[in-house]
Amino acid sequence: MKKHVIALTAATLMSATAALAEYPEKPVSFIVPWPPGDLEDVLTRLIADKFQEMYGVPAAVVNKPGGGGGPFPGAVEVATAPADGYTVGSFVTDVPIGGPQIGIPELSPNPFEPIGIFMTYPFVIAAGADAPYGTWAELADYAKDNEVALGHFGSFLPPTQITFAAAKTSGFDFASEAAFDELNCNTLASGDVDVINTTLQQIQPCLGEVKILASIGKERTSLTPNVQTMQEINPDLSVALWNGLFVHKDVPEEARIKISEAAQAALKSPQALELIGQTGVLIYWQDPVQSEQQIEADAAALQKISELIEQ
């Protein structure tokens, strides 16, 4: 009887190990909670392609724009999918930080753990070529006596919060603001808003025809080296606007390792390296421990920014 139990236990363990070792054995989806075309989408597609090449199963990006709800509807889909490694989130800063804070049930408490953070956005505040201001300081002076409308990706997102805080500490407020899924050259040309808070990738086709008032982040972008960062304008406005790969906290380690290996290989590809010079994006790899430290630091910085806005 004892031998039978031991044999059965061994067989069960071998079966479980074999099942885990088979990952991946079906298609893997990388959820990008934005429309296609921006940098997180482009780089995540490179990662999905590399994953498919390395492991021989279909892997694809699925875009899930939030329709004014930012990245949270897409994040909820990842949070509620089976925790088996076949649904991977490609998320910005605010998913692990903002989701729990604004009380989304599926995201509170934070259900995700990072595979790794892999890029920092070249995020900017831009105006049309005919705007009567060309720097953040000039915008601040103008907006004290004139109405200025701001377009952003969501009022609760870090770039927007930074912009609101910068306006308040510069002595003005935007007359109106609205959320968009995309903020590009057409947004400014249409006149729907006066100033947009967006990534350089979205306005790159008209970069020479718009005015970049400031960049958001700790470093000036390579495409706008003469433009001040928000951190230079106000040292309290220091948050890294990154994107990373996340999975549900219950996803097996074997799946995490393979996703990480594919991501790191993709980020070393010639296609990824070309994006640095073309777009000003910063590409790197922070492992799970480093990513958690980054999230903790940014959460503290965003808390200070929230306090600035509320003063």
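Predicted model: local features only at pLDDT ≥ 70, side-chain atom pairs only at ≥ 80, totals over all residues.
**Stop 1: confidence**

Colour the chain by pLDDT. The average for the protein is 89, and 93% of the residues score at least 70. Now select residues 1-8, where pLDDT stays under 50 and the model has zero contacts beyond four places in sequence. Go on to residues 10-20: pLDDT stays under 50 here as well, and the model has two contacts beyond four places in sequence for this stretch.

**Stop 2: two cis peptide bonds**

Select Tyr23 and Pro24, which are joined by a cis peptide bond with omega of about 0 degrees. Pro24 sits in the loop between helix H1 (2-21) and strand S1 (28-32).

Next select Ser108 and Pro109. The peptide bond from Ser108 to Pro109 is cis, and its omega is near 0 degrees. The loop that holds Pro109 runs between helix H4 (94-101) and strand S4 (112-120).

**Stop 3: two packed helices**

Show residues 39-55, helix H2, together with residues 253-267, helix H10. Two packed helices are described by the angle between their axes and by the distance between those axes. For H2 and H10 the angle is about 115 degrees, and the axes lie 8 Å apart. The crossing of H2 past H10 is right-handed.

Which residues make the contact?

- From H2, select Leu43, Leu46, Ile47, Lys50, Phe51, Met54 and Tyr55.
- From H10, select Lys258, Ile259, Glu261, Ala262, Ala263, Ala265, Ala266 and Leu267.

Sorted by class, the contact of H2 with H10 comprises 12 nonpolar residues, three charged residues and no polar ones.

**Stop 4: the cavity**

How many cavities of 30 Å³ or more does the structure hold? There is one cavity of 30 Å³ or more, and the space in the largest cavity is about 220 Å³. To find the cavity, select Trp34, Val92, Tyr121, Phe123 and Phe153, the closest to its centre of the 22 residues that line it. The lining of the cavity divides by class into 12 nonpolar, five polar and five charged residues.

**Stop 5**

The last stop is the largest pocket, which contains about 270 Å³ of space. Select Gly128, Ala129, Asp130, Ala131 and Leu188; of the 17 residues that line the largest pocket, these are the closest to its centre. Which helix gives the most to the lining of the largest pocket? Select residues 185-190: this is helix H7, which gives the most to that lining, with three residues. By class, the pocket lining has 12 nonpolar residues, four charged and one polar.

How values were computed: Residues numbered from 1 in each chain as written. Heavy atoms only, no water. 1 Å grid on protein atoms, 1.4 Å probe; cavity = no way out; pocket = protein on both sides within 12 Å on 5 of 7 lines; lining within 4 Å. Points joined across faces, edges and corners; volume = space filled by probe spheres on them. Helix = DSSP H or I, 4+ residues; strand = E, 2+ residues; numbered from the N terminus. Nonpolar A, V, L, I, M, F, W, Y, C, P; charged D, E, K, R; others polar. pLDDT = per-residue confidence, 0-100. Contact = heavy atoms within 4.5 Å. Axes fitted to C-alpha atoms, helices over the stretch in contact; angles between N-to-C directions. Left-handed = near helix turned anticlockwise from the far one by under 90°.
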